[in-house]
Amino acid sequence: MATFLYKLGRSAFRRRRLVALLWVALLAVAGIGAATAPAPTSGSFSIPGTEAQRAFDLLEERFPGAGADGATARVVFKAPEGQKMTDPAHKAVVEETVSALKSGSDQIVSVTDPYTAQAVSQNGSTAYVSVAYKVNAMELTDETREALTQAGHNAQGKGLTVEVGGDALQTMPETGSGEIVGVVIAGIVLVLTFGSLVAAGLPLLTAIIGVGIGVSSIAALANVLDLGSTTSTLAMMIGLAVGIDYALFIVSRYRAELAEGRDKEDAAGRAVGTAGSAVVFAGLTVVIALVGLAVVNIPMLTKMGFAAAGTVVIAVLIALTLIPALLGFAGDKVIGRKQRKAAKAGGAAPTGDPKAAKPNGGTRWARFVIRRPVMVLLIGVLGLGAIALPAASLEMGLPDDGVKPTSTTERRAYDTLSDGFGPGFNGPLLVVVDGDKATADKTVSTIKGLEGWAAVTPATPNKAGDAAMITVVPKDRPSSEATESLVHDIRNATGDDVLVTGATAMNIDFSQKMNDALVPYLALVVGLAFLLLTLVFRSILVPLKAALGFLLSVVAALGAVVAVFQWGWLGSLFGVEQTGPIMSMMPIFMVGVVFGLAMDYEVFLVTRMREAYVHGERPGEAIVTGFRHSARVVTAAAVIMIAVFSGFIGMTDQMIKMIGFGLAVAVLFDAFVVRMAIVPAVLALLGHKAWWLPKWLDRILPNVDVEGEGLAKAAPADEADGGPSGPKPDLVKV
């Protein structure tokens, strides 16, 4: 592989104008496609194989035009202290609002009158109007949303407190300035790492080009593939982080090759042949983790994973082709000004590391770990273990209006309904009966014999009389254990012809599906990555150690997420105004994304150690060599990735905020505790055993040559082709 990538890097360097033109053209085509593509008409959410989904499908079949999975809204009215919603003046305002809502949009299916639908609280202080739409929230037009908010605003000015809730107000997540701050921090880190604005700018430029192509392609295909609003956000998050990191490693290796006296073309080829090999395998681990999300069998999650994996593939291809092409345009400017002046004055080749002869921070840290491996290992494991303790109290669910900031009308509507009718009114259950009126009436009687409900409405049959709907209001809030128990009790007490659905039941089924899929997903992703790392490192214990270290860091990250978003610790620091259950997909999502990213640092750091060991260094010396050449760059890459992910904490969408925080702390723990401390400590304790591989397995595994040994053999041919005239050490460093 190293030889092929070496040739690819040299070719891209020589034909840099053509390569750059092709990538710019691809960016333009993707941009034009996104600009001319029709706006997406849906972002549907379905959970195949669950009872809640079967109920929705039955509703669409037996109640056509009812908008079973359409958006809903509630306009909540509260009378002033001492007055009631049944007062004539207030009743007139409500009826006027109902009339305005009915005529406000042709996307509306129904608007209920609270005085005929028994939607007035017992004390008369609160009433609500339910609005049902034909389409889901993502398909609602701006005019429809404006009509909804305007109706509430008009009633607000007539002596009543009016709030609007429901998913009808759901819009595309608003992006804050945090993403820009993350990119700026990445730029600062790159400048400090390279000492050159040009060298720092290359990873940023190529990452933005890659993300631009990926996100534009998603936008162009959103309508055709039914992609949700968070798909492009995840692709941007992952693509930006890995795009900067992969380019960073190629540029860093290019500067190191120049420092050894190679000419620019050969240095570019060797940078792609060595560091590029690590980029390929690191990218493969990320792609495996993201594509593996398909195991969960939830279309939305599968599409998010495939879209993000596509941006990772683009990032890898850009690092292998566009980076060497741009290095050809940059010339000596990838080296800092001081180093260029020193090189001209001394007549030596420009060096990217003027202090290479002195022990750097990575060298000193590696020697410290080798001297005290047991202490470092214990501190790292016990520290992450302590942070992971809150994960034992993990409560999962899907965010609803109850976790939104109190400054939003959705949250105030949620609280007003809870105060006036009880918390269960924010998460009613919809029971669908596949049978005649007698079956439906029997179902109502059965449900009333259970505990945990606050209200059960009479059955509403369809026109054909072969199906009916029953609304059950729980006593407790939607995310409570009591409500979950009620859902299971209804399902157990009724037959197969009775199905429970609604947002609350859907969330319960979603959480269960996530739990059921976690172990198979872990087995698939970790198993495939273990085989891949065994191929790269030609070792059994190194991949095993990598997998165990990842599990420790991801559980610790989940513990931090629980502490902040569920318990509220330091919540104000991260903009968490209301605690609540952790998003159901968070554990499996973090496993997928963080595993791929964690393996990046494992590959980049340990391949350097493996290379040194293969070329004769003792295990301890190989660890020091790996840290001397890779620690600074890996540290910069981790800081950049943390900055990019942290930028998404500033978004208003609770789900994106939680994902950004979780990924940022996971990279922090994995890069700086697991890879920088626990990994060298374990390798120091294992010694030669770390690189043990059974002979029979060594014979059948293909040699992918990540260390670049084939390049040393190709050196004479390179010279014949007008290659480098500088020294050719027999050790090719990654």
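Start by selecting Thr311, which counts as buried because its relative accessibility is 3% (buried means under 20% relative accessible area, exposed over 50%, partly exposed in between, with a 1.4 Å probe and protein chains only). The model is predicted: local features need pLDDT of at least 70 and side-chain atom pairs count only at pLDDT 80 or more, while totals for chains, interfaces and linings use all residues. Residues are numbered from 1 along each chain as its sequence is written, and side-chain values use heavy atoms, with hydrogens and water left out.

Thr311 is part of helix H10, residues 299-330. Helices (H or I, at least four residues) and strands (E, at least two) are DSSP runs, numbered from the N terminus. Next, show Gly214, Ala235 and Gly239: Thr311 is in contact with these residues when its neighbours within four places in sequence are left aside. Contact means heavy atoms within 4.5 Å.

Now select helix H3, residues 51-62. H3 has 12 residues and reaches 16 Å from its first C-alpha to its last, close to the 16 Å expected at 1.5 Å a residue; the expected span is 1.5 Å times one less than the number of residues. Its buried residues are Glu51, Ala52, Gln53, Ala55, Phe56, Leu58, Leu59 and Arg62. Those buried residues pack against strands E6 (429-433), E9 (468-474) and E10 (498-501), and against helices H16 and H17.

A salt bridge is a side-chain nitrogen of Lys or Arg within 4 Å of a carboxyl oxygen of Asp or Glu. Asp509 counts as buried at 8% relative accessibility, and Arg491 is buried with a relative accessible area of 15%.

Move on to Arg675 and Glu602, a salt bridge with its closest N and O atoms 2.6 Å apart. Arg675 lies in helix H21 (residues 654-686) and Glu602 in helix H19 (residues 586-614), so the pair ties together parts that are 73 residues apart in sequence. Arg675 is buried, with a relative accessible area of 0%; Glu602 counts as buried at 1%.

Glu257 and Arg262 are both buried. The count for the model comes to 19 salt bridges.
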